[in-house]
Amino acid sequence: MELPPDLFQLCLSPTDSSTPVRFQAGIAMAAGALHVEAFTSLDVAEYEVLGHCRRELLATPRAVGVSEWGGPDHDRMEATIEEGFWRIAWRGETLHMVAAQWRDGFDRNARTWLVGPSPELVRAFALDVARTTNEPRDAILVFHGSCWQRSHELYRATQQASFDDLILARSLKEQIRGDFQRFLASRSAYEELGLAWRRGALFLGPPGNGKTHCLRALVRELNVPSLYVQSVKARYETEEANLKRVFERARQLRPCVLVVEDIDALVNAGNRSFFLNQLDGFEKNVGLVVLATTNHPERIDPAILDRPSRFDRKYHFDLPAAEERAAYLALWQRKLAGKVSWSASTTEALVGRTEGFSFAYLKELMVAALMKSISAGGSFDALLEQECVTLAAEMATRKTAMGPLGTVAVDVDSDD
Ligand SMILES: Nc1ncnc2c1ncn2[C@@H]1O[C@H](COP(=O)(O)OP(=O)(O)OP(=O)(O)O)[C@@H](O)[C@H]1O
Ligand SMILES: [Mg+2]
């Protein structure tokens, strides 16, 4: 199959609502008896990377691309072809593909035309591309600005999170792990009893006490696709429409985990009833685990917080008591064994003086002391004690600046 060399110029200058019509006509003319079908979003490039087809970029019409600074370490220019024409080899068949992108007012359009010997073959290919590339695999789907993006970075961070270095009061850790493992393993038991196989859990507590850490370790351990809602606010889309997208995608991937961090900021008076409707969809949400976190349970509507069957489990991540503070310092001691050490009496003194510290502050204490020991040296015991005094003073300033709870992480003005 051959396309006219000036197809892209003809169809894209200018662009307006007739652009797809002109493409369709131009491609159909060249395709003759072959079947031509247009698709809005098909990630054939990803499908090829995954080894399911082979594409060959054809020279005419000449492809148009843009290059962008990127890569995981921002060490390369990455080229993307926006307009192009390819031959595709798939399961012993040959198809052709035309891709183009353009703007129509504020809308950004991306379209893919597939050309093949029959409608059945074209659709079977398209369906397999959509299904295969929609799986998050080695990524976490992140919803932001009205669309889903695959985050490999968040996936890697999640894969590094472990329950081993999470210290929680009493049996909370085992309880959380057990609850979800049993839940995922007991689908048939739920169905036999006529219960909806789904679960919602809320992680509550002041900043820096392991909600996110635990959530990641849990997501890793459950090993099902996971989706993460960053924000449903967008300039050209309503929050309802975005929430609908969020839940629809989650339903496609069940069983899966849908994570809503800081749910108090996401759900507001305007979108609450819509959110609850989506959450309550009894049949539709089978296999859906919703995990939400908050520092501000008092800001959450009782309809979300207290009604059973929405968030049926609430786990409290409180400030560490002396026992957990000691366990956390011991964890660092094991981690640093052979490199840096300090005495048991220093640990004891620190445990006594860090009442009111979150785990994040304890971590800061360790990191700051380690950095000082690199730059200035000296006794590590003394450095720990110094940093403890500095941090306690900083915490006191924050609390006075923010009221008695001091739970919001805001920066207090400093002189520098
Ligand atoms: N219980 C804990 N055990 C071990 N490390 C912890 C614990 N809690 C927090 N940390 C460490 O402190 C840092 C901050 O923790 P995390 O992000 O999980 O807090 P959070 O409760 O989600 O806070 P926020 O409410 O501000 O989101 C992380 O590096 C984490 O590993
Ligand atoms: Mg967090």
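Here is a quick briefing on how this protein is put together and where its ligand sits. Keep in mind that you're looking at a predicted model. The protein splits into three parts, namely domain 1 (7–134), domain 2 (149–316) and domain 3 (322–396). Ligand 1 lies between domain 2 and domain 3, because both of them give residues to the shell around it.

**Overall layout**

- Counting up the secondary structure, you get 16 helices and 13 strands in the protein.
- The C-alpha trace spans about 85 × 60 × 40 Å along its principal axes.
- If you take centres over C-alpha atoms, domain 1 and domain 3 sit 57 Å apart.
- Of the protein's 416 residues, 28% count as buried.
- Look at contacts between residues at least 6 apart in sequence: 68% of them join residues at least 24 apart.

**The nonpolar cores**

- Some background first: in soluble globular proteins, nonpolar side chains tend to be buried together.
- The largest nonpolar core here has 43 residues, and Leu258 and Val259 have the most contacts inside it.
- Which residues does Leu258 touch, once you leave aside its neighbours within four places in sequence? They are Leu227, Ala250, Leu288 and Val290.
- There's also a second, separate core, made of 25 residues, and Phe23, Trp86, Trp113 and Val129 are among them.

**Around ligand 1**

- How many residues surround ligand 1? The count is 17, and the closest are Pro207, Gly210, Thr212, His213 and Phe359.
- Two elements give two or more residues to this shell: helix H8 (211–222) and helix H15 (359–375).

**A closer look at helix H15**

- You can check the length of H15 yourself: at 1.5 Å a residue, its 17 residues should span 24 Å, and the end C-alpha atoms are 24 Å apart, so the two values agree.
- After H15 comes Gly377, which has a positive phi, near 70°.

Technical notes
Residues numbered from 1 in each chain as written. Chains lettered and ligands numbered in written order. Predicted model: local features only at pLDDT ≥ 70, side-chain atom pairs only at ≥ 80, totals over all residues. Core = buried A, V, L, I, M, F, W, Y, C linked by C-beta atoms within 7 Å. Buried ≥ 20, exposed ≤ 12 C-beta atoms within 10 Å, placed from the backbone. Contact = placed C-beta atoms within 7 Å. Near = placed C-beta within 6 Å. Helix = DSSP H or I, 4+ residues; strand = E, 2+ residues; numbered from the N terminus. Domains from an automatic or database assignment. Expected span 1.5 Å × (residues − 1).
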